[in-house]
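Please read this briefing alongside the sequence and the 3D structure.

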Amino acid sequence: MTLAIPPAEVDFSDPGAPASPIYGDVYHARAGALAQSRHVFLGGSGLPGRWHGRDRFVVLETGFGLGNNFLATWDAWRQDPARCRRLVFVSLEKHPLRREDLARAHAAQPLSELAAQLLERWPPLTSGLHSLAFEGGRVELLLGLGDARELLRELVLQADAFYLDGFAPSRNPELWDDYLLKGLARHAAPGATAATWSISRPMRRALTAAGFEVGLAPGFADKPEMTVAQFAPRHTPQRPAGREPLAPQAREAVILGAGLAGAACAWALAREGVACTVVDALAAPAQASSGNPAGLFHGTVNPDDGPHARFNRAAALATQRAVAELGLAHQPGLLRLETRLAHGDMHGAAGYVQPLTAADASALAGRALGQPCWFYPGGGALPPPAYVQALLAASGATVRLGTAVARLREDDGGWSLLDAAGGVIAHAPLLVLAGGHAQRPLLGELAADLVTQRGQLSHVPQAPWCPAVPIAGDGYAIADGLGGVWCGATAQDDDADPDLRDADHAENLARYARLAGLAAPPTAPLAGRVGWRLTTPDRLPLIGGLAAHGPLAEQLRLQPRRPGLVVCTAFGSRGIGWAALAGQLVAAMALGGPRPLAADLLDAVDPLRFALRRQRRPPR
Ligand SMILES: Cc1cc2nc3c(=O)[nH]c(=O)nc-3n(C[C@H](O)[C@H](O)[C@H](O)COP(=O)(O)OP(=O)(O)OC[C@H]3O[C@@H](n4cnc5c(N)ncnc54)[C@H](O)[C@@H]3O)c2cc1C
Ligand SMILES: C[S@@+](CC[C@H](N)C(=O)[O-])C[C@H]1O[C@@H](n2cnc3c(N)ncnc32)[C@H](O)[C@@H]1O
């Protein structure tokens, strides 16, 4: 995997037909991009009629290009009073356009209002999946940046319509061959269709081999014919048991925990039309781990772009979008000191992470820093309680506070939360366990893999240096806006002491002094806060279903799960940065929508991963 995707070069010399110099082909017919989209792709897929009465309709496109097919499909959805509740448009693109080229491509666009929204949300060109929400989440563009051949192995979804829109098969054969079309067919929902302007014979043979019944329809403009196809395989492909939706029909959910995890799940589920009740033992939301006055969010970089870097990046980009959509006040931008690499060896990705020399980083931070830094323009700092409140308000969830849950019971096609006397607090077909460290007694065997870690933050009221941009290294510092800083944070496993400790303050202040280059730490602070992080051995969260009874399957994707139950917890020291993506994952796993994360990363956060590793290598 590479972090940054090289952008497309677009030749705009013929304004009626932008072209790709690499492929030697035009992005759309000269007779009109939107007219082509409507005739070939919408018409060839039986849209809008086929989405009528549907809860969700999923399109999977090869080649996002200028995005005309997306805009035309979204526009048709908007115009249609009988539209499906949710439209998910998944599109795979190896050479995404730079934002300025996309703007140029849509400068004279009749759908200028929609194009402007697309431009506003256009992501940094980093590899992987980018979930962009429109229409308050009712339209989702899941953009996969990278080679479609690789991305298809990573997608977890069922598509109702395939738009085949590579460059001409003779110039772009990899997007039309047997391998690719079989890869698409693996994602076909029952009754799926495929449409394209091409009538290439090898492509039609490959479609047939992939299980489609292939036909012809009148073509667009100067093309007499085009291809339409219907998925009709001899054997119906089985969806892996571990990827089955956990509560596909749920219209109500109960969520345990009104912290970052629970609030983000409520928001994501509400966007899918699920009415949520959030239950918490405490007197107000965000009173436990999520009650810190300030915290950081940002991605991470590592040279091999491994699972942590990819998960943290997907999460950081999701947070950036959530914060923007909720209009949440925050301190934008984040500096992270780099201690292992020289500036020249640091490779970023525009808009996501940028390497800065020590001099440039110092200018941004307002103090001399001895090391180069990574700058995350979309990262920053925010008060977690305000984020929780904004998520809960946007979700419209019913919040039941002061309500401790003592036990869970699977009953009547759903789950009940019980109080200490055995009374039913709430019942729903979908239960999300998002109760942080305090829910450990409810997690059963899962709790054995988890560690509760105490952490203390310190507040310096009159700080010698308030960083102009939140900064992290060994410890972190966040300006409080009143001449002071919050700095942190300590970490002690299995330590239940709720009291502020002077030794911990001293540790935090020593870190702050090192960040600031001070000769001596400031004098003791007046305030601070103690909280607990729930952590896993591999420092990734637990998001997903629990095992149905019996021995574990050999692969997580094949493991049957208990219906109606999702775990979303163990956010460690990254709850602010992980919550938004985790909520989206929970909603997709519960209801069966396209997962906003690659299949290998779904395994990387699977709550059963530790149990499976133990089963494979039992302790001696
Ligand atoms: C010192 C410190 C500094 C941190 N700094 C950062 C940072 O800079 N950036 C960052 O991203 N993260 C940071 N974190 C981590 C972050 O705060 C956590 O990851 C996050 O708050 C976890 O959220 P949560 O919703 O899972 O848990 P919580 O916030 O603990 O919420 C869980 C809720 O569930 C409720 N609950 C649990 N069990 C029950 C039950 N049986 N019945 C009823 N209610 C129940 C609890 O009352 C609680 O309100 C920090 C953590 C600490 C301790
Ligand atoms: C005809 S254009 C798509 C037009 C687009 N559907 C639209 O509505 O504007 C073909 C696109 O396929 C992309 N492409 C080519 N090979 C690819 C591959 N292997 N994986 C993903 N995308 C690819 C090209 O970069 C190009 O953007």
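In this predicted model, Phe57 is buried, with a relative accessible area of 0%; buried means under 20% relative accessible area, exposed over 50%, and partly exposed in between, with a 1.4 Å probe and protein chains only. Trp51 is also buried, at a relative accessible area of 0%. The structure holds 18 aromatic pairs. The ring centres of Trp51 and Phe57 are 6.2 Å apart and their planes lie at 75°, so this pair is edge-to-face.

**Aromatic rings**
- Rings of Phe, Tyr and Trp (its six-membered ring) pair if their centres lie within 6.5 Å; planes under 30 degrees apart count as stacked, over 60 as edge-to-face, and the rest as tilted.
- The rings of Phe89 and Tyr163 have planes at 75° and centres 5.6 Å apart, so they too form an edge-to-face pair.
- Phe89 belongs to strand S4 (residues 86-93) and Tyr163 to strand S7 (residues 159-164), so their pair ties together parts that are 74 residues apart in sequence.
- Both Phe89 and Tyr163 are buried.
- One aromatic cluster is formed by Phe41, Phe64, Phe70, Trp74, Phe89, Trp122, Phe134 and Tyr163.

**Glu338**
- Glu338 sits in the loop between strand S14 (331-337) and strand S15 (354-356).
- Its relative accessibility is 5%, so Glu338 counts as buried.
- Leaving out residues up to four places away in sequence, Glu338 touches Met346, Gln371, Pro372, Cys373 and Trp374; contact means heavy atoms within 4.5 Å.

**The chain as a whole**
- The chain has 15 helices and 29 strands; helices (H or I, at least four residues) and strands (E, at least two) are DSSP runs, numbered from the N terminus.
- The radius of gyration is 25 Å, close to the 25 Å that the globule rule gives for 620 residues, so the chain is as compact as a globular protein of that length.
- That radius is taken over C-alpha atoms, and the globule rule is 2.2 Å times the number of residues to the power 0.38.
- Of the 620 residues, 58% count as buried.
- Among contacts with a separation of 6 or more, 72% come from residues 24 or more positions apart.

- Residues are numbered from 1 along each chain as its sequence is written, and chains are lettered from A and ligands numbered from 1 in the order in which they are written.
- Local features need pLDDT of at least 70, side-chain atom pairs count only at pLDDT 80 or more, and totals for chains, interfaces and linings use all residues, while side-chain values use heavy atoms, with hydrogens and water left out.
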